[in-house]
Amino acid sequence: MSVIETHPSIDDSYPTRKCEEAALLYRQDPVVYGTPADGPIDAATLDGYDANGFLTIDRLLEPDEVEGFRAELRRLASDPAMLADERTVTERGTDEVRSIFEVHKISEVFAELVRDERVVGRARQILGSDVYVHQSRVNYKPGFTGKDFYWHSDFETWHAEDGMPRMRAVSISIALTENFVHNGGLMIMPGSHRTFVSCVGETPDDHYKESLKNQEVGTPDPGSLSILADKHGIELFTGPAGSATMFDCNCMHGSNGNITPFPRSNVFVVFNSVENACEEPFSAKQPRPPFIGARDFTPIR
């Protein structure tokens, strides 16, 4: 593995899946594009986001709102048509629902949440522009059978397979069940968003069909992960239903499986700047389907 290097190519600021050796590359883009005057996030929280790559909101949703979203989760997971839809991904080896993608187009309940200024207003502020939804999904992570999400940077996949040019996207994970230390909560390496891990291995055709259940190509090597973990440590996020975490597209993150009886369900939305619309993939023959990586760049209103 190469040590941290500077920008190696004028054609691709973040080359990945192109070399036989992993590399750690310096980030070439800002983290925060807006100012405290542009939205609800105060200056200290914005500074923390810039430094760590994430922020938390202790109570984004009220308890009655959470109950409404939980009811919608149950409805979607029990709908036979939804279970047969390609946007529904099941856990490895079971028929348990792992994720349902493009949920803001499937469900008006979740569409309203995406348009909610408490959500999209924060995304606009961080990214300093209008935004569109690059991806949305609900993650179920059911009790006993919910599998892990291995360490990864979302941007690596979005760059390689969706054609996202720059690091100008933000994700929000909103808890719809309580996040304990023991039911597979989100883990992030704070500060890792300033280092891009260039991964090895070519992208197979239709890679998304396997990667949505268990990603292997595009995941960082143990050496790179060890360097980042030694430097930054690991933070595990807990909190009640209705709390939320927003994090930069290049944060190194993952989550363990859930062997407890307590599900860890969340709604996950990726906002990308309209000034960072996806192009042709940088390390794949064709882009993933639009329900995973949107090709409609219409701003959220």
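These legends describe close-up views of aromatic rings in a predicted model. Residues are numbered from 1 along each chain as its sequence is written, and side-chain values use heavy atoms, with hydrogens and water left out. Because the model is predicted, local features need pLDDT of at least 70 and side-chain atom pairs count only at pLDDT 80 or more, while totals for chains, interfaces and linings use all residues.

**View 1. The edge-to-face pair of Phe54 and Phe237.** A search of the whole structure finds nine aromatic pairs, where rings of Phe, Tyr and Trp (its six-membered ring) pair if their centres lie within 6.5 Å, and planes under 30 degrees apart count as stacked, over 60 as edge-to-face and the rest as tilted. The centres of Phe54 and Phe237 are 5.0 Å apart and their planes stand at 90 degrees, so this pair is edge-to-face. Both residues are buried (under 20% relative accessible area, with exposed over 50% and partly exposed in between; 1.4 Å probe, protein chains only).

**View 2. The stacked pair of Phe69 and Phe110.** With ring centres 5.4 Å apart and planes at 25 degrees, Phe69 and Phe110 are stacked. Phe69 is buried at 9% relative accessibility, and Phe110 is buried with a relative accessible area of 1%.

**View 3. A cluster of Tyr14, Phe155 and Phe196.** Ring pairs link these three residues into a cluster.

**View 4. Arginine over the rings of Phe149 and Phe268.** The charged end of Arg98 sits over the ring of Phe149, at 3.8 Å from its centre (NZ of Lys or CZ of Arg within 6 Å of the ring centre and within 35 degrees of the ring normal). Arg137 lies over the face of Phe268, 4.2 Å from the ring centre.
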